[in-house]
Amino acid sequence: MKNLFIDILAFGALLSSVLVITSKNPVIAVIFLISVFINAAGYLILLGIGFIGISYIILYVGAIAVLFLFVIMLLNIRLSDLLEAGSQYTKNIPLAIAIGLLFIYEIFTIIPFRIHDVSLISSLLNLITNLNELFLTSDISTLNVVYNTINPILADSTFTNFTQIQALGQSLYTFGAFWLIITSVILLLAMVAPIFITHKSNK
Amino acid sequence: MINNNLILIILNTLISLIDVLLVLLPVLLSVAFMTIIERKQLAAHQRRVGPNTVGYYGILQPFSDALKLILKETVIPSQSNKILFYLAPVSTLIFSLLGWGIIPFGQGLTLFDFSLGILYTLALSSLGVYGVLFAGWSANSKYAFLGSLRSTAAMISYELILSSAILIVILLAGSFNFTTIIESQEAIWFVVPLLPVFIFYFISILAETSRTPFDLQEAESELVAGFFTEHSSIIFVFFFLAEYSSIVLFSCITAILFFGGYNMPELFVNNTFISLQAVVLGLKTCVFCFMFVWFRATLPRLRYDQLIEFCWLNLLPVAVAFIILVPCILVAFDIAPY
Amino acid sequence: MDNISMLFIFVPILSLILLALNLLLAPHLPYEAKVSAYECGYVALPGQTRSTFQIQFYLVAILFLVFDLEILLILPIAVSLYQVGTFGFSVAVIFFIVLTIGFVLEIGSGAINISTSANH
């Protein structure tokens with residue numbers, strides 16, 4: 001039953017992400033974006049990563065999507081203008097392809113998984129591994145760090161009996177303290193910039 | 001063998017359906033009675049009689065209202081976005097009813113004992129913004145649009161206060177689970193150490209359910225009826241039900257977070273075999289429902305800029321200060337919950 | 001099937017039943033004046049709906065995003081305060097001090113002041 005729900009949510013996320021880019025009206029596109037977020041959050045919750053899933057809903061749906069909607073409503077774009085502008089964006093397709101390939105390359109590098117059955121994918125993965133050896137040094141230590149981070153079974157937290165969110169707090173406020181403070185500086189910048197941008201326009 | 005399994009599955013589904021109905025039907029009834037309580041109580045505050053014709057003492061008034069509204073024509077403005085026009089009220093109702101899924105009505109008496117219970121409530125209340133925003137946008141009327149914008153900005157501002165107040169409660173309880181929060185209040189209700197937190201928490205839930213000092217979305221003198229200006233008949237009922245359901249829900253959550261939930265003070269020992277826990281929770285909820293209406297009868301409406309500035313310039317600094325202060329005390333005296 | 005998934009299935013069905021009841025039982029007689037946008041008895045002027053609005057709403061939303069993220073990052077320490085002890089707590093305090101700078105700036109610059117910006 002749970003597997004069925006997970007499959008439905010994954011399919012819903014994919015379907016609505018396709019609908020985000022195909023729908024003409026920007027507000028409708030944001031609605032499908034919200035649907036993507038909710039599906040992804042439900043997927044994470046069903047997988048057992050409850051806190052991350054719920055923070056997805058609180059942050060992405062509760063804050064970011066509201067921000068998108070405000071921007072779209074603030075600009076009040078007419079549909080015809082949008083279609084006109086859309087035709088000019090086709091010249092950016094090479095850039096889009098380059099960014100997309102870079103993203104796929106990164107993902108395949110970071111997430112270590114093997115697919116033996118499909119020859120095409122495995123050959124692609126081999127190619128990427130070879131490329132990595134060309135670019136990076138032979139010991140891919142950073143990748144191992146990432147691998148250990150995303151695989152909680154390997155982390156130290158398996159020894160103690162923490163709830164998931166306690167483990168998160170434990171690692172965030174001890175090992176990840178430096179990153180947390182960097183995050184706070186980034187958040188400070190994110191707060192300062194819009195204040196000054198909107199402040200100038202008032203005068 | 002297969003037949004047996006099938007029967008078992010059907011039986012399980014039926015039992016969970018009955019469980020869900022056992023929660024939802026009283027909730028819907030309490031929402032219906034909440035409307036009549038509000039009208040009667042407002043009448044009492046203003047020395048009127050209030051509705052007293054339908055049924056004994058006017059007690060059937062909400063049902064006749066609901067029946068009337070179901071039988072009325074749904075007027076859809078020609079300029080509106082039809083699907084969103086229906087979807088917004090439906091989603092508002094769904095998100096406000098789903099919040100009841102994790103409320104413990106007694107020891108173990110809950111639909112779902114979620115370990116992140118309180119975050120689930122916060123997530124649902126942040127989803128509730130969309131019903132308001134899309135209702136105003138889809139109606140394509142300027143009053144509805146302005147009302148929804150105002151309402152959304154106020155709701156998201158006060159959600160910050162709500163989540164910081166809840167954060168402080170979690171600091172004392174050491175868990176997100178509602179049952180654990182209630183059990184950790186056996187010694188003393190959280191309202192005693194956290195009285196200032198309770199005050200700004202209650203202000204934030206008044207704004208979150210957009211009740212009177214903060215009901216700017218439906219300021220009649222400026223914005224007709226706010227974001228549901230164009231909504232009529234059943235889709236209006238959805239907004240109405242959602243509003244009152246969230247009032248009762250937040251009253252219940254207030255009772256759970258600050259007033260010990262289903263636990264009685266230990267002065268009153270219950271020696272009988274009858275569990276009075278649900279009744280105790282219900283009585284506590286009634287007190288806060290009463291306070292909601294009391295505020296409506298007493299307080300005048302704020303101006304919109306006062307509303308936003310009150311949140312960002314007065315309440316939020318206090319909330320942030322308490323987020324620092326409470327863990328300071330917990331760490332200094334080494335009394336952080338394990 | 002457990003109770004919570006039943007609730008998630010049943011509540012949408014309930015609202016759909018109510019909608020269907022209305023569609024079945026209610027009359028449906030639209031005419032032009034009835035379905036036009038509400039304008040206190042006058043004919044609504046075209047182009048006034050969905051108009052642009054003040055930048056302050058956008059600023060409220062973006063500041064909300066930052067503060068929400070901040071509270072969400074503080075949430076894990078609320079349940080693990082005992083485990084991380086004084087060290088983790090001092091990290092949280094540093095985290096808050098940096099953000100308080102932004103907070104002071106937000107209050108001091110009067111960015112959220114809707115009334116003053118409306119007068120200009």
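Predicted model: local features only at pLDDT ≥ 70, side-chain atom pairs only at ≥ 80, totals over all residues.
Start with chain C and what a record says about it. An unreviewed UniProt entry puts the feature "transmembrane region" at residues 6–25, 57–78 and 84–105 of chain C. Take two of these spans in the model. Residues 6–25 of chain C are 100% helix and 0% strand, and the C-alpha atoms at the ends of that span lie 28 Å apart. Residues 57–78 of chain C are also 100% helix and 0% strand. There the end C-alpha atoms are 31 Å apart.

Next, the contacts of chain C with chain B. Here 54 residues of chain C are in contact with 64 residues of chain B. Five helices of chain C each supply at least two residues to that side: α1 (3–25), α2 (32–35), α3 (55–79), α4 (81–108) and α5 (114–119). Which of them gives the most? That is α1(C), with 14 residues. Sorted by class, this side of chain C has 39 nonpolar, eleven polar and four charged residues.

Now the contacts of chain C with chain A. In this case 42 residues of chain C are in contact with 39 residues of chain A. The elements of chain C that give two or more residues to this side are α3 and α4. The most comes from α3(C), with 18 residues. By class, the side of chain C that touches chain A divides into 29 nonpolar, nine polar and four charged residues.

On to chain B itself. Chain B is divided into domain 1, residues 1–64, and domain 2, residues 72–332. The C-alpha centres of domain 1 and domain 2 of chain B are 20 Å apart. Between them, 14 residues of domain 1 of chain B are in contact with twelve residues of domain 2 of chain B. On the domain 1 side, that makes eight nonpolar, four polar and two charged residues.

One helix in chain B is worth a check of its length. Helix α4 of chain B covers residues 117–139, which is 23 residues. At 1.5 Å a residue, it should span 33 Å, and its end C-alpha atoms are 34 Å apart, so the two values agree. Is α4(B) mostly covered or mostly open? Mostly covered: 23 of its 23 residues are buried. After α4(B) comes N140(B), with a positive phi near 55°.

R47(B) is not a glycine, yet its phi is near 60°. R47(B) sits in the loop between α1 (2–45) and α2 (61–71) of chain B. R47(B) counts as exposed because it has 6 other C-beta atoms within 10 Å, and the cut-off for exposed is 12 or fewer. D334(B) is the other case, with a positive phi of about 55°, and it is not a glycine either. D334(B) is in the segment after α11 (304–332) of chain B. With 9 C-beta neighbours inside 10 Å, D334(B) is also exposed.

Last, one residue in chain A. T163(A) is in the loop between α7 (141–150) and α8 (164–173) of chain A. Why does T163(A) count as partly exposed? Because 17 other C-beta atoms lie within 10 Å of its own, and buried would need 20 or more. T163(A) and I54(A) are 109 residues apart in sequence, and their C-alpha atoms are 16 Å apart in space.

Conventions:
Residues numbered from 1 in each chain as written. Chains lettered and ligands numbered in written order. Contact = placed C-beta atoms within 7 Å. Helix = DSSP H or I, 4+ residues; strand = E, 2+ residues; numbered from the N terminus. Nonpolar A, V, L, I, M, F, W, Y, C, P; charged D, E, K, R; others polar. UniProt positions renumbered as here; feature names shortened; annotations may be inferred. Domains from an automatic or database assignment. Expected span 1.5 Å × (residues − 1).
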